[in-house]
Amino acid sequence: MLKNFDFSNTPIVDVVNEILVDSAKRGASDIHFDPYEDFLLIRIRIDGDLVDYAKVPNNIRDYLVTRVKTISKMNITETRRPQDGAIKATLQGAELDLRVSSLPVINGEKIVIRILDYSMSLEGISELGFSEDNYKKLLEMISVPNGIILVTGATGTGKSTTVYSILQHLNKSTTNIITVEDPIEMDIAGINQVQVNSQIGLTFASALRSILRQDPNIIMIGEIRDNETAKIAVRASITGHLVLSTVHTNNSLNTIERLIDMEVPKYLLASALEGIVSQKLARKLCPHCRQKRKTTDYEKAIFRATLNKEVDEVYEAEGCEHCSNGYSGRIAIQEVLLINQQIRDALAENVSKEALRDMVYNSGVTTLLQDGLNKVVDGETTFSEVIKLIALDDDDKISNNIFLRNAISNSKKAVIEQESAMPTKTEEFFGAREAHNQDNAEIENL
């Protein structure tokens, strides 16, 4: 149900404030302002999915976009180039921390607002959904005095939340913590945070060189993006510093391979790497309406192969007034690898990828698929959500089993068919355009 605004009688300032506050209260992570030929469509991302929120007529669109650019300190006269901005304000009693991006597209400017919410970071690492075994491994790896710990995953998988939670845990009066970030997403008392500014030459690499002369105990690098930063980070970790950072990779093995591709010497990597936390976000089942159902034969086979369990029932999404299509919020699926001596020796000895894979996944690590399926058994998410997120080739217990690969492939096809039954954006657009034209015709007839 689209939200209706009385644009004739409501100041545009109040309209923008209402959009920001209402979206935050609904738990949205992003707000999209999509310009079409006849109107501006506002969509909000809730639990990973975009849903239509409101339509803005063309005679109001420019005023709304200008207001957003003004409060985010963008240049309102520049419409041909992308811009970035930020909003930090208290509106209607709600404290908002927003990142704003504008992009010129064919019908105007597309604006996307990221709503930052680090309440999970403030609650601590114990509230991030780690299994008991993974939680113990994480505490062990962050207790070391030096080394490098990496949190990995795609964009929007909660890497920053996990890193900030670790920093909160390590933030003590006896410790000097310095971060290099782009941008600084959360202001933490007691931690020295450096904002990268490439326009004046303050890059991750150049900032790291200066930080090493600031007597740090712990260094956090917002993201390892290039070879130079990767090499400096690894060298810093073997000279008595604990280094935290993020990398865009899918799992533990891919992370090791990525660092090698970044020309980090293997003998340094073997000495420096302490642990890897890989994660994805799955939609969380609504506790009010979830329903149990019998597992299918191939689901039973997958549970049996990955968890060594006989699972006869799982929960399925239903849908009620408390949720969105049976889901409410998101939960992290994690893989935590604590580097042991065998893996260090393998890295130093330049073993093959296959041999390294065997060592990594035979070291007691709980794979992403295993962790996800455990959360399915616990009723926290659904089988289809986990299968949609996890690549089969990333799990050694599945990759060599043709029956299970085919079973999961069929499951994925069913999910795709279910999603393809939903109206496409083109169908939604022409339906919305027709409704818009009808509204205009009715207005003209008045």
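Of the 446 residues of the protein chain, 48% count as buried, meaning under 20% relative accessible area with a 1.4 Å probe and protein chains only. The model is predicted, so local features need pLDDT of at least 70 and side-chain atom pairs pLDDT 80 or more, whereas totals for chains, interfaces and linings use all residues. Residues are numbered from 1 along each chain as its sequence is written, and side-chain values use heavy atoms, without hydrogens and water.

The protein chain holds 17 helices and 15 strands. These elements are DSSP runs, numbered from the N terminus: helices are H or I with at least four residues, strands E with at least two. The chain exposes about 21,800 Å², an area computed by the Shrake-Rupley method with a 1.4 Å probe. Carbon and sulfur atoms supply 47% of that area. Contacts, defined as heavy atoms within 4.5 Å, were also sorted by sequence separation. Among those between residues at least 6 apart in sequence, 64% join residues at least 24 apart.

Two helices illustrate the packing. Helix α1 spans residues 12-25 and helix α2 spans residues 58-71. Their axes lie 10 Å apart, at an angle of about 70°. This makes α1 roughly perpendicular to α2, a class that covers angles of 65 to 115 degrees. Axes are lines fitted to C-alpha atoms, for helices over the stretch in contact, and angles run from 0 to 180 degrees between N-to-C directions. The crossing of α1 past α2 is right-handed; in that case the near helix is turned clockwise from the far one by less than a right angle.

From α1, the contact uses Ile12, Val13, Val15, Val16, Ile19 and Leu20. From α2, Ile60, Tyr63, Leu64, Arg67, Val68 and Ile71 take part. The residues of this contact comprise 11 nonpolar, no polar and one charged. Here Ala, Val, Leu, Ile, Met, Phe, Trp, Tyr, Cys and Pro count as nonpolar, Asp, Glu, Lys and Arg as charged, and the others, Gly among them, as polar.

Two single residues were also examined. Ala205 lies in helix α6, residues 204-211. Ala205 is buried, at a relative accessible area of 4%. Leaving out residues up to four places away in sequence, Ala205 touches Glu228, Thr229 and Ile232. Ala205 and Ile232 are 27 residues apart in sequence, yet 7.0 Å apart in space, C-alpha to C-alpha.

Ser102 belongs to strand β5, residues 94-105. Ser102 is buried, with a relative accessible area of 1%. Not counting residues up to four places away in sequence, Ser102 touches Met74, Arg81, Pro82, Gln83, Glu109, Lys110 and Ile111.

Notes
Angles under 35 degrees count as roughly parallel, over 145 as roughly antiparallel, 65 to 115 as roughly perpendicular and the rest as oblique. Buried means under 20% relative accessible area, exposed over 50%, partly exposed in between (1.4 Å probe, protein chains only).
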